[in-house]
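This report describes the helices, the surface and the aromatic pairs of one protein model.

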Amino acid sequence: MSSHHHGHGPDGHDHTHGAIDPSITITERGIWAIKWSFMALMVTALMQVTIVALSGSVALLADTIHNFGDAATAIPLWVAFSLARRKPSRRFTYGLGRVEDLAGVLIVLIILFSAIVAGYESIDRFFNPRPVTYLGAVVVAAIIGFLGNEIVAIFRLKVGREIGSAALVADGYHARVDGLTSLAVLVGAVGVWLGYPLADPIIGLFITVAIFRIVWQSARAIFTRLLDGIDPEIIDEIERRDRAGAPPG
């Protein structure tokens, strides 16, 4: 496929310029990032599960569901990066780099499912309130959730930008917002401690809304990439530069 090869000087060095080239290193780094993100978020969620069982906090439950969903997104990304390592073939002349976009779609569906579950539990608890106990432990779990997600967010954003992975960058922003929603659990615990038991399901609903917002943002980014879309701001910048460089009429 001559349209997909580019010469690199007199040494005759040619590469197939897809998502995987020059790229055993890039995909190895992607898999490395996914592996450690998965482990960090899974540890965070497992620590929260214990406190959810003890306290009965639906806000913390929503946050924990979200953390498990965030950890689960590592699985399709891991598969995508692994497939992207395969060399181009006669059938897939550009390689399998675009499988990452399909992984992005699956990630959006996972996050959507977590939002539906969190919303259902929060609404149920709003109309069928139950006491929240071990408030100190809930506060600790909220802080753990924030720190775990912020570390993962920084990590994913850094590596995603380095290797040019839209899915990994989108997942990094998701982890960051998830960290902020963990802090909302702390607010709910304080509300319950002050004598407002409905603060817990209200915060659960707030977290659900935050997850749905992430679903929308991630879906828009992924489907724009799938359809080879371009950020309109890039077009505006190109047009501004063209006008600035155009000779007077």
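The protein has 8 helices and 2 strands, where helices (H or I, at least four residues) and strands (E, at least two) are DSSP runs numbered from the N terminus. Along the sequence the pattern is β-β-α-α-α-α-α-α-α-α. This is a predicted model, in which local features need pLDDT of at least 70 and side-chain atom pairs count only at pLDDT 80 or more, while totals for chains, interfaces and linings use all residues. Residues are numbered from 1 along each chain as its sequence is written, and side-chain values use heavy atoms, leaving out hydrogens and water.

Helix 6 (residues 166-193) has 28 residues and spans 42 Å from its first C-alpha to its last, close to the 40 Å expected at 1.5 Å a residue; the expected span is 1.5 Å times one less than the number of residues. After helix 6 comes Gly 195, with a positive phi near 105°.

Of the 249 residues, 42% count as buried (buried is under 20% relative accessible area, exposed over 50%, partly exposed in between, with a 1.4 Å probe and protein chains only).

The whole structure holds 2 aromatic pairs. Rings of Phe, Tyr and Trp (its six-membered ring) pair if their centres lie within 6.5 Å; planes under 30 degrees apart are stacked, over 60 edge-to-face and the rest tilted.

| Pair | Centre to centre | Angle of planes | Type |
|---|---|---|---|
| Trp 32 and Phe 155 | 5.1 Å | 75° | edge-to-face |
| Phe 126 and Phe 127 | 5.4 Å | 80° | edge-to-face |

Trp 32 lies in helix 1 (residues 24-55) and Phe 155 in helix 5 (residues 135-163), 123 residues apart. Trp 32 is partly exposed at 37% relative accessibility. Phe 126 is also partly exposed, at 31%, and Phe 127 is exposed, at 61%.
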